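Take a look at the model below.

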Amino acid sequence: MNILKDIIDDLEENKAIDIISIDVTKKTSVTDHLVFASGTSNRHINSMSESIYTKLKKLDIKNYRYY
């Protein structure tokens, strides 16, 4: 299971703009990557957020609110 790929794929499916993933494994022990993306409106951004939230929940990722 590659959570990063799943998140980026989901953002692409939802037409996110300027998707960027930054590897921070050597900078912090809290996470491995930071993912940034833009949307066309607040509604679009909320929709992308809900989609990722739902995907992580379906993948049975623990503590998905912290991803």
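## An exposed aspartate in a strand

This is a predicted model. Asp18 has a relative accessibility of 57%. The cut-off for exposed is over 50%, so Asp18 counts as exposed. Asp18 sits in strand S1. Its phi is near 55°, a positive value in a residue other than glycine.

## Another positive phi

Asp60 lies in the segment after H2. Phi of Asp60 is near 60°, and Asp60 is not a glycine. Asp60 is exposed too, with a relative accessible area of 52%.

## Helix H1 and its buried face

Helix H1 covers residues 3-13. Its buried residues are Ile7, Ile8, Asp10 and Leu11. Seen down the axis of H1, they fall within an arc of 160°, so they line one face of the helix. What do these buried residues pack against? Their partners are strand S1 (17-23), strand S2 (33-38) and helix H2 (42-58).

Now look at the two ends. At the start of H1, a side-chain oxygen of Asn2 comes to within 3.2 Å of the backbone nitrogen of Leu4. Just after H1, Lys15 takes a positive phi of about 60°.

## Asp10, a buried charge

Asp10 belongs to helix H1. Asp10 is buried, yet has no salt bridge. The nearest side chain of opposite charge is Lys55, 4.2 Å away. A salt bridge needs the atoms within 4 Å.

Which side chain makes a polar contact with that of Asp10? It is Ser51, at 2.7 Å. Leaving out residues up to four places away in sequence, Asp10 touches Met48, Ser51, Ile52 and Lys55.

Technical notes
Residues are numbered from 1 along each chain as its sequence is written. This is a predicted model: local features need pLDDT of at least 70, side-chain atom pairs count only at pLDDT 80 or more; totals for chains, interfaces and linings use all residues. Side-chain values use heavy atoms; hydrogens and water are left out. Buried means under 20% relative accessible area, exposed over 50%, partly exposed in between (1.4 Å probe, protein chains only). Helices (H or I, at least four residues) and strands (E, at least two) are DSSP runs, numbered from the N terminus. The arc is that of the directions from the helix axis to the C-beta atoms. Contact means heavy atoms within 4.5 Å. A polar contact is a pair of N or O atoms within 3.5 Å; within protein, one must be able to donate a hydrogen and the other to accept it, and residues adjacent in sequence count only if both atoms are side-chain atoms. Lys and Arg count as positive and Asp and Glu as negative; His and the chain ends are not counted.
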